[in-house]
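Dear colleague,

Please find below the structure that I am handing over to you, together with its sequence. My findings follow directly after it.

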Amino acid sequence: MWKSENRYRPRRQLYVLGKLVRNRTVNEETSLTGVNADGPGCGGEIKQNMRLPFPARSQRGGWYHLLESGNRQLLKPRMRSPSKMMYLSLFILVTGVTLCALNIYQLHRIKEDHMFHHAAGPIVEGSNDENKQKSEKPIAWVAGSGYITNKVSLATSTMKFIPRAFKLPEDRDKFLSFSQDHPEVMWVQKSNTHRGIQIRNTSDLDLKKEGSFIQEYVSKPFLIDKHKFDIGVYTILTSINPLRVYIVEGDILFRFCPQEYYPFDPQNRDKYVVGDDYLPMWKVSSLKDIHQRHGFSFKDTFNIYMKSKGLDYEKVWRDIRSAIATVYLEKESKLIESALAYLDTNNFFEMVRFDFVLDEALNVFLMEANMSPNLSSSHFPPNKRLYEHVIFNVLGLIGLTHWMSSKQVNYEDEMRVSSADVNVFPEVCTNSTCASSCMDILCRLCKHCRTHSVEKTLKIAYLEHVQQGSCRRIFPPALNRSEVLAWNPKSSWPGTEELTESNKLMYLWFLGMCHKDLSWC
């Protein structure tokens, strides 16, 4: 029993004992009947033969236990073994952290891929092993394509078919000097988003805006039925080194400005900017009957119209093909540099759309190259035939629609292409020079001199030609067979002197194939 003179003590004793013992005793034979106010944990003691006012539990699972120390038993903390619930909680925590880290990593890779396409140049963090990968399926992306599809990078390139442009704010002084000497020139300010384009006075331009550029406006465009228009050419890059570029020649996208160009008003963008709600070809009076009634494609409709006006439409297409090939040749070194992070780029390909405008003299001007161009006909259902034609022929070119196997293994199928199919220049390969040495560049195309890499490249190029459908190779360019037959292999072919070694070898192989078969020219 508790002493009455210590009436406030029992509560403190019970509190201390309850806090330390946690409803447990050391053994079931020992009982406690009281606790000093200055008990264990407070520098005091627990006396024997004192009974606890609450049930005792076994020592084995307790958090505290009693140690014999003379006539005293001191309390000492004891660790409990982790429970199953603790293990489960730890597992859930580790799993959550791991999934969070993986999500962050994937977001980082997505950001990198976006920057590869939209930055002026790709961001390559060295040649990490994770980048040096092989894939057995075609990959619709080419490292470094941002050098072509980035609007600032492309517009500020010094090519004669690209209107003069100045990058801001770096070229601010150059622009001010040029505009002062050419006050008649109109300008538009653009950025990578290519939105909000409008002709502005020099004083209204923001010359401090980062990531933008000022470009000369083509002020005297070629018009059809008084409407300005642009020409969209779908282009496919199938190889970087050596370079191979194709266009879908079966049909072309034509987009007209919604309003007539004259009287010209720079404040009315619908007169000179092709937007999402452009005027389609089948609503242009002079073209509607040719396209809808007679069922000609967009490209053929344009050609028929130009011919009826006595204009040279072939010049337009020659200049467009030349412009696209020039862009890729100019940017080729950047593409090769970006691709060094990958072991094998034979499976990489990419389609973009090059947009051109014409001036009154039918000069071609490149406006931009669109990465991942729109191929949805939901806005203009009659475009369905064009988009399906593009998709089918692009996939056919890389071997996904015409054949069951993927591009990676196509060249290994002897039934489709063998070493005999890619052999060229028999009179060169059988002479004594190539028999004894492979130093000459033509000899490197002979079977006994070809490396495995060259053999693989030639077979893939062979299959692309067989499967190209309405696509047309623009680099290496088409050849004139009469010129090829008259060519002496001991002399260099015109235009190949400045090409890289791999491009020259690819070019010469197509020459050899043209020499054998007219369809290859």
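In which loop is Pro169 found? In this predicted model, Pro169 belongs to the loop between β4 (165-168) and α5 (172-181). The peptide bond that joins Leu168 to Pro169 is cis, with omega at about 0 degrees. A cis peptide bond also leads from Tyr262 to Pro263, where omega is near 0 degrees. Pro263 lies in the loop between β10 and α6.

To place these details in context, the protein chain contains 15 helices and 13 strands. Of its 521 residues, 47% are buried. Among contacts with a separation of 6 or more, 66% are made by residues 24 or more positions apart.

Asp225 is not a glycine, yet its phi is positive, at about 55 degrees. Lys226, likewise a residue other than glycine, has a positive phi near 70 degrees.

Salt bridges

The structure holds 17 salt bridges, and I describe some of them here. Asp230 pairs with Arg255 in a salt bridge whose closest N and O atoms are 2.7 Å apart. This pair links distant parts of the chain, since Asp230 sits in strand β8 (residues 229-239) and Arg255 in strand β10 (residues 253-256), 25 residues apart. Both Asp230 and Arg255 are buried. They also belong to a network of salt bridges in which Asp230, Arg255, Arg353 and Asp355 are linked.

Lys151 forms a salt bridge with Glu368, with 3.4 Å between the closest N and O atoms. Here too distant parts of the chain are linked: Lys151 is in helix α4 (residues 151-155) and Glu368 in strand β12 (residues 364-371), 217 residues apart. Lys151 and Glu368 are both buried.

Asp173 forms a salt bridge with Arg172, and the closest N and O atoms of this pair are 3.4 Å apart. How exposed is Asp173? Asp173 has 56% relative accessibility and so counts as exposed. Arg172, at 33% relative accessibility, therefore counts as partly exposed.

Helices α6 and α7

The axes of helix α6 (residues 285-293) and helix α7 (residues 298-308) come within 9 Å and cross at roughly 125 degrees. The two helices are therefore oblique to each other, and α6 passes α7 in a right-handed crossing. On the α6 side, the contact involves Ser286, Leu287, Ile290 and His291, which meet Phe298, Thr301, Ile304 and Tyr305 of α7. By class, this contact comprises five nonpolar, three polar and no charged residues.

Asn393

Apart from its neighbours within four places in sequence, Asn393 is in contact with Gln468, Gly469, Ser470 and Cys471.

With kind regards

Technical notes
Residues are numbered from 1 along each chain as its sequence is written. This is a predicted model: local features need pLDDT of at least 70, side-chain atom pairs count only at pLDDT 80 or more; totals for chains, interfaces and linings use all residues. Side-chain values use heavy atoms; hydrogens and water are left out. Axes are lines fitted to C-alpha atoms, for helices over the stretch in contact, and angles run from 0 to 180 degrees between N-to-C directions. Helices (H or I, at least four residues) and strands (E, at least two) are DSSP runs, numbered from the N terminus. Angles under 35 degrees count as roughly parallel, over 145 as roughly antiparallel, 65 to 115 as roughly perpendicular and the rest as oblique. A crossing is left-handed if the near helix is turned anticlockwise from the far one by less than a right angle, and right-handed if clockwise. Contact means heavy atoms within 4.5 Å. Ala, Val, Leu, Ile, Met, Phe, Trp, Tyr, Cys and Pro count as nonpolar, Asp, Glu, Lys and Arg as charged, and the others, Gly among them, as polar. A salt bridge is a side-chain nitrogen of Lys or Arg within 4 Å of a carboxyl oxygen of Asp or Glu. Buried means under 20% relative accessible area, exposed over 50%, partly exposed in between (1.4 Å probe, protein chains only).
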